[in-house]
Amino acid sequence: ALMHLASAQQQLGKENQAIHVYERIVTKLDPKYVPARLRLAGLRLSQGMFDEAMIHCEVVLAEQPAHSLALRYKARIHREPSSRYHNYDMALVCYRKLLVHNAESPSVNLDIAELYLDMSRPTDAASRALLAGAQDDSSRFRLILGRTYLLMHMMGMPDAPEKSNLQKAVDNLKLACAKDPASSLAILQLANAHIVEKRPDAAIAVLRSLISQKPRTGEAYTRLAAVYESQGDLPKAIQTLENGTRVPGVEKEDALLSALGRAYFLSGERKKAIETWQALATAPTKPGISVSVGLAVALALEGELDKAMRQAEAVVHETREGGMVGALVAACVAIQGGNFDKAKQFLASPKYPSAKEQAVRLDFPEQCRQAGDKGKEAATLMARGILHIEFQRPEAAAIDLKKATELLPSSALPHYLLASAYHHARRIPDVVATYENIFRQFPGLGFPRFQLALLSRESSEEIDVGQQVELALDLDPE
């Protein structure tokens, strides 16, 4: 009776009430009751609560080690980058267990193909997808094959003589849409392929059609707004996103609000950006790094330095690369407020490759102090440049960071970030030139020489990798 009640609540969209009933079943009645555990795993997975989802999966697998749905859920948890269980190899183990009883299962082979796409292994993805397609020429097969060819194109892999990888991607994605006209994923991927083709009008037409058919598809609004932004039409991007937020029950509303805050910020409407991002910051789900960084930068630019500092401090404590990004932004905000010692504290917190590299960071606030107003302006430009990198706008970041190096030529840190912006923009000759400039101005640093050696595969210029690595180790053995 309780399972029927919870299932009915779930069908009505009352997920939290359903969870409460399912949890009552496993805590009060039977902790090993598999149907309730599976429902809880699926619901927690959809909410991004990966720790809870994993607990339920493990209970089921302890009872039934080959349970297919539990293995699929566990694989999805391992594939999720924001999960502390993120591990592609472990996801592959789960899928291989599923293949034990049916090695040619189209659905599992397509799952593995998608995993290989996550791992940027398109050749392996194509093999698995084609194995599945031989059994079932489905919309999902064509979608994954289209994504695979698109990734091959993006990675610069050789085209076949008869047709380019990009054209194969478009052809397969069109087939996916034809086989399942209601597939939002296929339509979104086709729009993405049109963007790569440099056919924004085709992408706009596809996305507008999807919005008219399925107005609750939140990702369609964010993709359409991104196309308008790429065309320099921020007012239309903002209008598109605002329209999306007004749709009752729109999917991925957090992503919509994040994109809307970004569009407000880029158009100069910083107060609206702050209001939008603050609403996200207090939501139950944790906002992404770009939202947290954006809010800190926007508050600082508006002169609300105390609030900006609190926000930046929060970013410092976020996981993985967010801690490093947060430390840099927090230091820049502290410098804007004239608190140079606090900036040093922020920059001393992350772990750097060596003592010399830590010294590069710690020297930055002191150089800003000595430069006076120019130092504060450089810090402002650096914070904004970091945000542009988070926004995947490396060209805009490069403009700000180039100005920062001109205002503060005696600090290596702005030069490091400028090289990073050029790298994100795929401007490899400019990356090389920036590192060479660092060598001239800061000859005792080894880490940039190691970074230059890593560029050898991407640069058309000849780089003596062995020499650069040897110099790096001589200058900085750590």
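Two rings of Phe, Tyr or Trp, with the six-membered ring used for Trp, form a pair if their centres lie within 6.5 Å. By this rule the count comes to three aromatic pairs here, and ring pairs join F265, W277 and F391 into a cluster. Welcome to this predicted model, a protein of 478 residues, 50% of which count as buried. Its secondary structure consists of 27 helices and zero strands.

**The aromatic cluster**

- A pair of aromatic rings is described by how far apart the centres are and by the angle of the planes.
- In the pair of F265 and W277, the ring centres are 6.1 Å apart and the planes stand at 35°, so this pair is tilted; planes under 30 degrees apart would count as stacked, and those over 60 as edge-to-face.
- F265 belongs to helix α15 (residues 253-266) and W277 to helix α16 (residues 270-281), so their pairing ties together parts that are 12 residues apart in sequence.
- Are F265 and W277 buried or exposed? Both F265 and W277 are buried.
- W277 also forms an aromatic pair with F391, and this one is tilted too, with 6.2 Å from centre to centre and 45° between the planes.
- F391 sits in the loop between α22 (373-390) and α23 (394-407), while W277 lies in helix α16, so this pair ties together parts that are 114 residues apart in sequence.
- Like W277, F391 is buried.

**Helices α9 and α10**

- Helix α9 (residues 139-154) packs with helix α10 (residues 165-179) at an angle of about 160°, and their axes are 7 Å apart.
- That angle makes α9 roughly antiparallel to α10, because angles over 145 degrees count as roughly antiparallel.
- The crossing in which α9 passes α10 is left-handed.
- On the α9 side, the contact includes R142, L143, L145, Y149, L150 and M152; on the α10 side, L166, K168, A169, L173, L175 and A176 are among the residues taking part.
- What kinds of residues make up the contact of α9 with α10? They divide into 10 nonpolar, five polar and four charged.

**Helices α13 and α15**

- Helix α15, which holds F265, also has a contact with helix α13.
- The axes of α13 (residues 218-230) and α15 come within 9 Å and cross at roughly 20°.
- That makes α13 roughly parallel to α15, since angles under 35 degrees count as roughly parallel.
- α13 and α15 cross in a left-handed way.
- From α13, the residues G218, Y221, T222 and E229 meet A255, L256, A259, R262 and L266 of α15.
- The residues of this contact of α13 with α15 comprise five nonpolar, two polar and two charged.

**A look at T245**

- You can find T245 in helix α14 (residues 234-245).
- T245 is partly exposed, as its relative accessible area is 23%; the buried class takes in values under 20%.
- Which residues does T245 touch, leaving aside those up to four places away in sequence? They are E253, L256, L257 and L260.
- T245 and L260 are 15 residues apart along the chain, and their C-alpha atoms are separated by 9.0 Å.

**Contacts across the chain**

- Among the contacts in the protein with a separation of 6 or more, 50% are between residues 24 or more positions apart.

Notes
Residues are numbered from 1 along each chain as its sequence is written. This is a predicted model: local features need pLDDT of at least 70, side-chain atom pairs count only at pLDDT 80 or more; totals for chains, interfaces and linings use all residues. Side-chain values use heavy atoms; hydrogens and water are left out. Helices (H or I, at least four residues) and strands (E, at least two) are DSSP runs, numbered from the N terminus. Buried means under 20% relative accessible area, exposed over 50%, partly exposed in between (1.4 Å probe, protein chains only). Axes are lines fitted to C-alpha atoms, for helices over the stretch in contact, and angles run from 0 to 180 degrees between N-to-C directions. Angles under 35 degrees count as roughly parallel, over 145 as roughly antiparallel, 65 to 115 as roughly perpendicular and the rest as oblique. A crossing is left-handed if the near helix is turned anticlockwise from the far one by less than a right angle, and right-handed if clockwise. Contact means heavy atoms within 4.5 Å. Ala, Val, Leu, Ile, Met, Phe, Trp, Tyr, Cys and Pro count as nonpolar, Asp, Glu, Lys and Arg as charged, and the others, Gly among them, as polar.
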